[in-house]
Amino acid sequence: MQEFDVVIAGGGATGLRAAIAAKRAGASVALLTKIHPLRSNSGLACGGLNAPLGRDDSAAAFAEDIMLAGDGINDRDVVRAFTESARDDVIWLEKMGAPFNRDTDGRLDRRSLGANRHQRACYADDWTGHIVLQVLYEQFQRSGAAMFDDAFVTSLTVEGSQCIGLTALGLKAGKLDSFSARAVVLATGGFTQLYQPSTASNGTTGDGQSLACAAGARLMDMEMVQFHPTVFPGRYALMITEAALAEGAQIVNQKGEQVVLSDGMSREKLCLAIKNALQNGGGPVMLDLRPIGKDKLAARFAQTSELVKAAAGLDIAKDPIPIAPAAHRPIGGIETNARGETSIPGLFAAGECACNGVNGAGRLAGNILTEAIVFGRTAGEAAAAFAKSSPKKTFPTSRLSDEEKRLAALVGDSSANAGDSLGKVQADLGQLMSERAGLVRDANSLQGALDGIRGLRERYSKLRVRNASMVFNYDLISCLETGALLNMAGAVAAAAQARKESRGAHNRTDFTAHDDTNCKCHTIVSLAQGALQVATKPLEA
Amino acid sequence: MQVTFKVYRKEPGKDAKPAYSNHTVELDGDATVMDGLLKIRDEQDATLAFRAACMRGYCGECMIRANGKTCTSCTSKVSSFTQKSPEVTVDPVRHMPVLKDLVSDWQSFMWDKVDRIKPWLEPVEPGADGESLLPESAMADIRKTMSCYYCGLCDEGCTVLPVDFDFIGPAALMKANRLIYDPRDTITRERFKLAEGPRGLWDCVHCFEASEHCPRGIMPTERIMAMRDKAFQMGIQNDSAARHHYSFAKSVKKSGWLDEGRLAIESAGLTNIKGLAKLVPIAAKALRRGKAPIPYIHHKSPGSAQVRRIIQKAEEKNR
C-alpha cells in the first residue's frame with residue numbers, strides 16, 4: 001500500500017497544477033496518470049489562455065464576458081474568484097518559463113478569442129496547450145511530488161462518508177495497488193470520447209466522473225456539452241484553433257463567399273450558424289486561413305499546418321479546409337465549489353472532470369487552460385489544507401482484495417462475446433450520442449438516446465475481457481473506459497431530457513427559448529440504488 | 001480494403017523471445033495504422049499491446065515502425081504502405097527497449113535522460129509584480145524548441161545511442177537547450193555542468209542525423225553545437241572532450257596546425273594527475289616507434305599567419 005497526504009488522479013494541466021500547489025503547501029503528494037502527462041489531452045488546447053492583462057481590461061470585464069457566454073446560469077461567486085485570480089495565475093506560468101508571444105514592448109501579447117470582448121488570450125503560437133503542459137510538468141518535477149504513470153484508477157475508497165484513497169492498476173507491473181490518502185483530487189479530464197466524431201484524445205472517457213458518481217458524488221450540468229465550430233470532420237476530427245478566426249480566417253462556401261460572420265460570436269452560436277449553413281444546401285462550409293497571410297501562418301500556425309496536412313492532405317496556406325462542428329469538451333462534471341470540494345469530504349475535483357458553475361451553460365474560448373491553472377491550484381491548496389486537518393484513517397485491506405476480485409470477474413472466455421466487442425459498443429454509443437444527444441436535441445431524440453443506451457448497456461454486460469494477464473492489458477482498460485462512457489451517456493441524456501429549454505450549449509428544437517421561471521438553475525444527476533436521479537440546484541448568489 | 005498486418009510481439013521480461021503475429025482485417029480506404037491495430041485488438045487478439053493517446057499527431061505517444069518507417073501510427077495511412085503488397089509489418093521504434101509488443105520503454109529511453117539535466121526552470125524568486133519583459137525573438141526560439149513533442153525520432157536516428165545506450169541523446173539535450181537559452185532561468189552554469197557530464201553534451205558526434213530526423217525542424221545537432229560554443233563562452237570546459245576541442249582550436253590558431261603532444265596533455269587536463277599518468281605508456285610507445293621526436297618541439301606551419309587570420313575572421317563573424 002502507498003500512503004500520501006494528497007493523491008491526485010490525472011496528469012493533465014489541472015492535475016499537474018494541483019500537485020505543485022499541494023506540494024508547496026507542505027503535503028506529501030502522488031500523481032497518478034494513465035498516460036504520461038506530456039501526452040495528455042490538455043495539449044490539444046491551442047489558441048491561448050485568458051487573463052485580464054490589458055490596460056483597458058479588468059477582472060470585472062472578464063467576468064461580464066464569462067456571464068454572457070454562460071447564458072444566465074453561471075455561479076457569480078465562482079466567476080468572481082476565477083476572474084480575480086486569472087491574472088496572477090497566468091503571470092505565475094509566465095514566470096515559471098512559459099515562452100508566450102510578446103508584443104514590441106516585451107509584454108505578453110494577446111489575442112481575442114471567440115466572444116471575448118477584449119484581447120485577453122496569452123498564447124504560444126498555436127502550441128499553447130502543448131507548451132503550457134511542458135512548463136507545468138517541469139515545475140511538477142521541480143516540486144518533487146511522486147508520479148505513477150501507466151496507472152489506471154479503478155475505484156475511490158469511501159469509508160464512513162469520507163474519501164480515504166483509491167485503488168489503481170499499474171499497467172507495467174500488472175498489479176493493483178491501494179493508495180491511502182487524507183485527500184484525493186480528481187483531475188481526470190472530460191468524456192468527449194462519448195461522441196463520434198469528437199475533437200478529443202482517446203482517453204477522455206469520463207473515468208473520474210464515473211468513479212465519483214459511483215462513490216456517491218453528484219454530477220452537475222451534464223447536458224452542457226460544448227461543441228467546437230471549426231473542426232475538420234472525420235472519425236478522429238481535427239479541431240482548428242479559433243485563434244485562426246481571431247487572426248483573420250474566414251468561414252466561406254465553395255465559391256469563397258463568406259457564409260458566417262464570426263466576429264465576437266460565442267462558440268455555441270457559431271456552431272449553430274455553421275450547422276445551419278451546412279443544412280441550407282450550399283455545399284461544404286470551409287475555413288479559409290489564407291487571409292491571415294503566409295508569413296503569419298508560417299510563424300503562428302505551424303502545428304495547425306502540420307496536423308491539417310496529416311489529416312486532410314491540405315495546405316492551409318493554399319486550400320480552404322472543410323469544417324463542421326464536433327463535440328469538443330464537456331462543461332458539466334462532478335459538482336464542486338470554487339475550492340474544488342465535492343459533496344464527499346476528502347474528495348476534490350477540478351478541471352474538465354469537474355463542474356463548479358464558472359461556465360454556466362457555455363464556455364468562453366480561451367478559458368479551459370486558465371481554468372486548469374486557477375482551479376488546479378485552488379483544489380491542490382484546498383486538498384493540502386484538508387489533509388492537514390484530517391485525522392489519518394485506516395485503509396481497509398479488504399478494499400484491495402474486493403477490487404482484485406471485481407476486475408478478475410471481468411475477464412472471461414472470448415467465445416462469450418459472440419461477434420460483439422467493446423470497440424463496436426463504443427462506436428455505436430458515439431454515433432447514438434452524436435445523432436440523438438448532440439448539438440441539437442429534442443424529447444424524442446433524447447428518449448431514443450436513453451433507450452439506445454439501455455440496449456448498449458445490455459450488450460456491454462455480456463462482454464468479457466479476453467486477456468487474462470494484467471500487464472498492459474488494454475482490453476481491460478477499454479472495458480473500464482467503456483463502462484465509464486456508458487455512465488456518462490446516461491447522465492448526459494437524462495440531464496438533457498430534464499432541461500426543457502434551450503440555453504447555451506443545450507439546444508432543444510422542442511423548447512427553443514430560455515425558461516427562466518423553471519430552468520434558471522443547475523441540473524444535478526446522482527445515483528440512488530443504482531439508478532440515475534435528476535434534480536435541480538439553485539444558482540449560487 | 002483487406003490488409004494483413006504482421007505485428008511484432010514480445011511478452012514482458014528480458015528473456016522473452018520476440019515473434020510476429022499475422023492478422024488480416026478489413027479497413028476503410030483512408031484508415032490509419034492505428035485503426036488497423038485497434039481493430040486487431042478489438043476483434044482478433046485482445047492481448048495485443050500498443051500505445052494510443054491523441055489520435056491526431058499532437059502527442060507522439062504512438063510511435064511505431066510501419067514497413068520500416070518510423071511514424072505516428074495515428075496519422076499514418078495504411079494505404080501509403082500497401083502500394084506494393086497488401087501487407088504491413090509493424091515494429092517497435094528502433095533502439096528502444098520493449099516492455100510488451102509495441103509498448104516501448106520511454107522511461108529508460110528518454111524520460112530518465114531528460115531528468116539528468118534538472119529539467120525545470122529555476123526562476124528568480126517571485127517579488128516583482130507583473131510579467132517579465134522579454135524580447136519576442138528569444139521567446140520565439142524557445143517556442144521552436146518546445147514544439148518538440150518527444151516523438152523520439154532524433155534519438156532513434158542518433159548514431160551514438162546504438163553503441164552507448166546511456167548517452168544522453170539529442171531529445172534530452174533539447175530540453176537543456178530550452179532552459180539554457182531562457183533568460184528567466186537562474187542555474188545556467190549548473191545546467192551546463194549537468195549536460196556536459198559523462199555521456200553528455202560532448203559525446204555527440206555531430207553526424208546531423210538528429211536534425212535530419214526531427215519532424216519539426218528543431219535542428220537538434222545545430223543546437224548542440226551552439227550549446228558547446230556557449231559553454232566555451234562561459235568558460236565551462238570540464239569534460240575532456242571540451243578541453244580537446246578547446247586545445248585543438250587554440251593550437252591551430254597559434255601554429256596553423258595541430259600540436260598533438262599538447263593536445264593530449266590539455267585534453268586530459270593539466271591538474272588531472274590520473275589522466276596524465278594514463279598518457280605515459282602511450283608516450284613511451286610513441287617514442288619506441290619513433291613517432292615522438294626528442295626534443296619535442298612544435299613548429300609553426302608555413303602560412304600560419306593566414307590560418308590565424310581565417311580563424312579570427314570566423315570568430316568575429318560568430319561574435
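**Chain contacts, strands and core of the predicted model**

In this predicted model, 43 residues of chain B are in contact with 50 residues of chain A. Three elements of chain B, namely α1 (33-44), β6 (98-100) and α3 (136-146), each supply at least two residues of the side that touches chain A. The largest share of that side of chain B comes from α3(B), with 5 residues.

Chain A has 15 helices and 23 strands. A compact globule with 541 residues would have a radius of gyration near 24 Å, and the value for chain A, 22 Å, agrees with this. Along its principal axes, the C-alpha trace of chain A spans about 65 × 55 × 50 Å. Of the 541 residues of chain A, 64% count as buried. Among the contacts in chain A with a separation of 6 or more, 75% are accounted for by residues 24 or more positions apart.

Strand β1 of chain A (residues 2-9) runs parallel to β2(A), and 4 bridges join the two. Within this pairing, A:Val29 of β2(A) has A:Val6 opposite. Together with helix α1 of chain A (residues 13-24), β1(A) and β2(A) make a right-handed β-α-β unit. Strand β6 of chain A (residues 146-149) is also parallel to β2(A) and is joined to β2(A) by 4 bridges. Here A:Thr33 has A:Asp149 of β6(A) as its bridge partner.

Another group of strands in chain A forms an open sheet of 6 strands with antiparallel pairing, in the order β12-β11-β16-β15-β13-β14. The edges are taken by β12 (238-239) and β14 (258-260) of chain A; each has a single partner strand, so one side of each is left without a neighbour in the sheet. Within the sheet, strands β11 (residues 225-232) and β16 (residues 321-330) of chain A run antiparallel and are joined by 5 bridges. In this pair, A:Phe227 stands opposite A:Ala327 of β16(A).

Nonpolar side chains tend to be buried together in soluble globular proteins. In the present model, the largest nonpolar core has 264 residues. The residues with the most contacts inside this core are A:Val6, A:Ile8, A:Val184, A:Val185, A:Phe348, A:Ala383 and A:Val492. Helix α14 of chain A (residues 474-498) gives the largest share of the core, 16 residues. Of the 25 residues of α14(A), 24 are buried, so the helix is largely enclosed by the rest of the structure. At 1.5 Å a residue, α14(A) should span 36 Å, and its end C-alpha atoms are 36 Å apart, in agreement. Leaving aside residues up to four places away in sequence, A:Val492 touches A:Leu194, A:Met222, A:Glu223, A:Val225 and A:Ala437.

Conventions:
Residues are numbered from 1 along each chain as its sequence is written. Chains are lettered from A and ligands numbered from 1 in the order in which they are written. This is a predicted model: local features need pLDDT of at least 70, side-chain atom pairs count only at pLDDT 80 or more; totals for chains, interfaces and linings use all residues. Two strands pair if DSSP finds at least two bridges between them. A crossover is right-handed if, with the strands pointing away from the viewer, the path from the first strand over the helix to the second runs clockwise. The radius of gyration is taken over C-alpha atoms; the globule rule is 2.2 Å times the number of residues to the power 0.38. A residue is buried if 20 or more other C-beta atoms lie within 10 Å of its own, exposed if 12 or fewer, and partly exposed in between; C-beta atoms are placed from the backbone. Two residues are in contact if their C-beta atoms, placed from the backbone, lie within 7 Å. A nonpolar core is a set of buried Ala, Val, Leu, Ile, Met, Phe, Trp, Tyr and Cys residues joined through C-beta atoms within 7 Å. The expected span of a helix is 1.5 Å times one less than its number of residues.
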